[in-house]
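Thanks for making time this morning.

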Amino acid sequence: MRLRDIPITAWLGMAGILLAFICAIFAPWIAPYGETEVVGNVWQVADTQYFFGLDNLGRDILSRLIYGARTTLFVALTATIISFSLGIILSFTAAVSRGLIDAVFSRFNDLMMSIPTLIFALVVLAVLPQNLIVLILVMAILDSTRVYRLGRAVALDVAVMEFVEAAKLRGEGKIWIIFREILPNTLSPLLAEFGLRFAFSILFLSTLSFLGLGIQPPSADWGGMVKDNKDGIIFGISAALVPGSAIAALAVCVNLVVDWLLKRTSSLKGGRGDA
Amino acid sequence: MPELLSVRDLKIEATSYPPGEPPKRVTIVDGVSFDLKKGKVLGLIGESGAGKSTIGLSALAYGRGGAEITGGSVLLDGVDILPLGKSGIRKIRGARVCYVAQSAAAAFNPAHRLGEQVIEASVKHGLMTKDEARKRAFYLFQVLGLPNPETFGDRFPHQVSGGQLQRAMTAMALCSNPELIVFDEPTTALDVTTQIDVLAAIKHAIEETHTAALYITHDLAVVAQISDDIMVLRHGKTVEYGTVQQIIEAPREDYTRALVNVRQTAREEATDQSDTLLKVENVSAQYSNGFKVLHDVSLHVPKGQTLAIVGESGSGKSTLARVITGLLPPSNGGISFDGRPLTPALKNRSRDELRRIQLIYQMADTAMNPRQTVRDIIGRPLTFYYGLHGAAKTARVRELLEQIEMSNGFIDRYPAELSGGQKQRVAIARALAAKPELILCDEPTSALDPLVAEGILNLLLRLQAEAQLSYIFITHDIAIVRAIADSVAVMHRGKLVRFGPKSKVLSPPFDDYTDLLLKSVPEMEIGWLEKVLTTRKMESAGN
């Protein structure tokens with residue numbers, strides 16, 4: 001793997017993600033003002049002092065954007081990773097085992113999916129104590145139902161291939177078959193899904209924040225900032241567009257990197273999975 | 001007589017994308033020229049990658065998968081069709097030049113009735129009205145010997161057999177009364193007993209309609225039955241071009257001679273077949289839906305010898321292999337291995353039982369994980385069965401590579417970076433790594449070119465002599481059976497028809513099925529097809 005083989009778009013994506021991480025880690029040093037500090041008038045327009053202007057309570061949008069990267073990145077990324085681990089392990093186990101295990105897992109998954117995600121999240125979050133870990137876990141478990149669906153479908157395709165049969169004939173256990181035989185051959189669709197799911201989790205987090213069950217004010221998160229400032233759009237104030245653009249930019253960056261990984265993982269298959 | 005098709009200095013290039021390297025231009029066909037007169041058949045023969053399909057498609061001015069015709073000319077009735085442009089070409093394709101693809105099952109649209117698809121091109125080109133086209137289709141169905149020609153067109157592709165589908169596709173090509181048909185390996189995917197019917201039907205139809213044809217195949221014996229001229233291709237270049245007579249009886253080039261004389265491998269049948277390694281007793285098997293696939297099969301494999309199981313697809317020969325490996329436990333009967341009963345179900349077998357029986361698949365492509373290197377593929381059984389790691393493992397992998405006649409340079413390659421024959425060799429090495437006593441070979445050479453297949457067979461024979469291996473060799477190719485088997489089992493519709501030492505099974509008196517099977521194998525002899533057809537009744541209604 002040589003560095004110059006990485007396409008420019010992938011570099012762009014990695015640079016964007018790195019920027020977001022730097023903001024998240026070094027927020028107190030980078031941000032010009034405090035996260036919750038009121039520094040001027042409501043929806044004051046952008047000038048040299050306040051780069052993106054001020055928000056609905058007169059807080060500096062740039063500073064809140066930088067602090068918001070922390071919660072947004074941490075919650076969305078953790079939730080997506082957990083949902084993928086959970087979804088992949090369960091779906092692959094189902095696909096390899098078939099029979100009763102498959103039936104039980106799949107029907108339970110259908111049951112979970114039949115309940116609208118948002119309502120389910122609201123009920124669960126209303127009952128459970130409100131902290132970040134519970135929030136992440138609830139998001140992850142709800143998202144993992146979608147990953148399960150995809151994972152089972154792609155794993156079933158690979159599980160009937162002869163090299164999996166050859167592994168079974170050798171006497172390999174389930175863990176080897178799942179992680180060594182099937183997983184490397186299903187990475188392409190799963191990575192693509194990861195890019196999408198990550199963007200969805202940011203949006204889902206902001207939806208929950210909007211309903212008062214996500215990140216609690218006055219802590220900043222990008223989705224919450226869109227919600228806080230959305231009324232400004234009626235008056236021609238573009239404050240809501242700034243965090244909105246940040247969400248979009250991050251999602252695009254993640255997907256640029258994912259696209260590159262996708263090409264790399266599918267290049268060995270001789271065409272399969274390239275489409 | 002004027003030439004119908006004249007190809008001059010044809011050059012076809014494509015861009016290839018080797019993994020891990022920058023894309024490069026490769027020449028697929030280089031300076032090929034030939035002529036074809038009206039009503040004649042030219043056979044294009046060569047191994048895979050020789051460019052024969054690409055040349056065939058150039059008669060339709062079509063480049064598949066990024067191939068581009070970059071030089072030369074293709075004259076159809078004196079007019080160069082290459083510079084005609086899209087709309088000009090469209091008038092020719094399907095009207096004056098038609099194409100018959102290798103896999104009819106994949107080439108028909110499963111959502112439409114056969115009749116509609118057969119007449120589609122003729123009607124679209126405005127060559128005939130729907131009624132006329134239907135009448136012609138009916139006539140062609142008769143010529144091609146299809147059952148119930150009046151209603152055959154009302155069926156869907158999944159409702160007819162593979163041989164019938166291939167004939168329907170020929171009808172589709174003939175329907176518009178084309179001047180030229182390109183047959184791209186039309187019988188390669190069929191059983192020998194079906195192949196002979198399709199061959200006879202194609203030959204008959206070509207004679208009836210006076211159509212010229214390009215016949216592409218890798219089987220010289222097949223092309224000898226149907227062509228007037230033969231062109232032998234290798235690496236995109238012409239090796240030899242001449243009449244059938246000259247190519248078969250007096251080949252000039254070494255490569256052609258090798259193709260004609262392939263099947264030189266021979267092994268004397270072992271005289272003592274009493275020392276049994278594997279014994280299958282009264283085994284019956286059925287799928288979970290209750291469908292019976294094996295009926296009361298009994299046979300045995302002597303130590304260090306080869307049992308060949310022959311039969312057409314659906315005869316249960318692969319199912320028997322699945323029963324022996326434990327993938328499908330028998331519903332009745334039992335199997336004993338080395339004197340002890342073998343655990344029926346795979347998941348209950350001990351690691352040692354698994355190690356002693358290994359399997360080689362037909363398609364090495366799908367039998368190896370595309371994401372593992374040769375080192376991982378061969379090394380895994382070493383770690384799994386013998387606990388080898390690190391340097392010891394690498395040394396053993398190198399040793400195995402040497403045994404399969406491959407250099408050390410292959411150790412870090414992925415399967416996609418190997419040729420078909422190399423892949424099959426790696427699959428053999430993987431089986432050898434377990435140090436088995438019995439290897440089940442499920443048509444390991446049927447997807448390979450004749451010369452490559454010959455190499456694999458020789459390798460298997462050498463390994464057998466070195467390590468006292470026993471083989472169960474599943475095949476539909478009688479020539480292979482003659483070459484390598486000690487004992488033979490003939491299967492038909494899930495039943496064992498005939499079993500015994502090779503010399504007994506393959507000599508008369510025959511039962512009806514074995515007779516049919518043996519007579520259907522194409523022989524490298526001009527006029528063989530006619531001879532066989534006169535000695536046996538055409539069973540066109542059956543297939």
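A residue is called buried if 20 or more other C-beta atoms, placed from the backbone, lie within 10 Å of its own, exposed if 12 or fewer do, and partly exposed in between. By that rule, buried residues make up 46% of the 543 residues in chain B.

Please keep in mind that this is a predicted model, in which local features need pLDDT of at least 70 and side-chain atom pairs count only at pLDDT 80 or more, while totals for chains, interfaces and linings use all residues. Residues are numbered from 1 along each chain as its sequence is written, and chains are lettered from A and ligands numbered from 1 in the order in which they are written.

As for secondary structure, chain B has 21 helices and 20 strands, where helices (H or I, at least four residues) and strands (E, at least two) are DSSP runs numbered from the N terminus.

Turning to domains, whose bounds come from an automatic or database assignment, chain B is divided into domain 1, covering 36–61 + 78–260, and domain 2, covering 276–514 + 525–535. The centres of these two domains of chain B, taken over C-alpha atoms, are 34 Å apart.

How many residues of domain 1 of chain B are in contact with domain 2 of chain B? There are 17, and they meet 12 residues of domain 2 of chain B, contact meaning that the C-beta atoms, placed from the backbone, lie within 7 Å. On the side of domain 1 of chain B that touches domain 2 of chain B, α7(B) gives the most, with 6 residues.

Notes
Contact = placed C-beta atoms within 7 Å.
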